[in-house]
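Student: I am new to this structure. Can you show me how to read its features?
Tutor: Take a look, and then ask.

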Amino acid sequence: MSDATALAAENLTKRFGGLTAVGGLNFSLRRGDLLSIIGPNGAGKTTLFNLLTGQHPPSDGRVIHEGRDISALAPEQRARLGLGRTFQISKTLTSMTALENVMIGAFLHRGKLAAAAEHAMHILDRVGLARRASVRAGTLTLSERRRLEIARALALDCSVLLLDEVMAGLNQREVDDVIGLVRQLHAEGLTVLVIEHNLKVVRAFENRVIVMDFGRMIADGTPDKVLSDPQVVEAYLGKKAE
Ligand SMILES: Nc1ncnc2c1ncn2[C@@H]1O[C@H](COP(=O)(O)OP(=O)(O)OP(=O)(O)O)[C@@H](O)[C@H]1O
Ligand SMILES: [Mg+2]
């Protein structure tokens, strides 16, 4: 079963009025794949995640999870199926403790308080936040908050993890730490999609990269191949250098 399709986009399209934020995207991921998604600001990366996890219904096309069309399912239903994500704008509840934040997710599959707390504690340990469990989330460092976001997704027992710029604003050491965490989760069998602006991170993962520009996929391949593609250099690096 290791080559089973975990998640696929078929002609996936989202229009906002006259703007095509995501246009006719096709890709397929097997279980255990790690995919990086890059592209300039406004390329449609977050909109793609919103389509995959159900925040937006598609204007056209389909989202396939484990061979089943999930395009019409609500975000909660997709979470139940194993799609976990972080948000570019943090959804951490700052006045609650780290543990309580993760428990909210843990309740999805565990109705009892003690079981949810135990599971949440296990997840915090997995992301390296166990000793911060009783600290209010609002007082965590940025790097710790990003780990907490990942923990919240993991608490849903996700099999596919979508990370929207979890490295943004972190210093190099923190970036390296989070790369280590993502690698560990991938090695444990999760299918991982990473939206990333930092090309060093994309190179570090050494896995498949797709490049988006104006809602379309303009390149798909290894970091070496994709990052030396003239069209990518112009679309992505050119704009960034301005
Ligand atoms: N809910 C919405 N309503 C209208 N337009 C939207 C909406 N969400 C996104 N857009 C537009 O769709 C386009 C793609 O936005 P999106 O946030 O997906 O880009 P992105 O690649 O994630 O950019 P960034 O790197 O800045 O996060 C942009 O032009 C954006 O303004
Ligand atoms: Mg975005």
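Tutor: Keep in mind that this model is predicted.

Student: How is the accessibility of Thr-46 classed?

Tutor: Thr-46 counts as partly exposed, because its relative accessibility is 24%. Gln-88 has 43%, so Gln-88 is partly exposed.

Student: How do I read strand pairing?

Tutor: Strands of a sheet pair through backbone hydrogen bonds, parallel or antiparallel. Here, strand E1 (residues 5-16) and strand E2 (residues 19-30) are antiparallel, with eight bridges. Thr-5 has Arg-30 in E2 as its bridge partner. Two residues lie between the strands of this hairpin, and Gly-17 there has a positive phi near 60°.

Student: What is the strand order in the open sheet of six strands?

Tutor: The order is E6-E7-E8-E3-E9-E10, and the pairing is mixed. E6 and strand E10 (216-221) are the edge strands, each pairing on one side only. From one strand to the next, the twist averages 20°.

Student: In which sense do E7 and E8 run?

Tutor: Strand E7 (residues 160-164) and strand E8 (residues 191-195) run parallel, joined by five bridges. Leu-163 stands opposite Val-194 in E8. Helix H5 (residues 142-154) packs on the sheet and touches E6 and E7. The direction of H5 makes about 155° with that of E7.

Notes. Residues are numbered from 1 along each chain as its sequence is written. Chains are lettered from A and ligands numbered from 1 in the order in which they are written. This is a predicted model: local features need pLDDT of at least 70, side-chain atom pairs count only at pLDDT 80 or more; totals for chains, interfaces and linings use all residues. Side-chain values use heavy atoms; hydrogens and water are left out. Buried means under 20% relative accessible area, exposed over 50%, partly exposed in between (1.4 Å probe, protein chains only). Two strands pair if DSSP finds at least two bridges between them. Helices (H or I, at least four residues) and strands (E, at least two) are DSSP runs, numbered from the N terminus. Axes are lines fitted to C-alpha atoms, for helices over the stretch in contact, and angles run from 0 to 180 degrees between N-to-C directions. Contact means heavy atoms within 4.5 Å.
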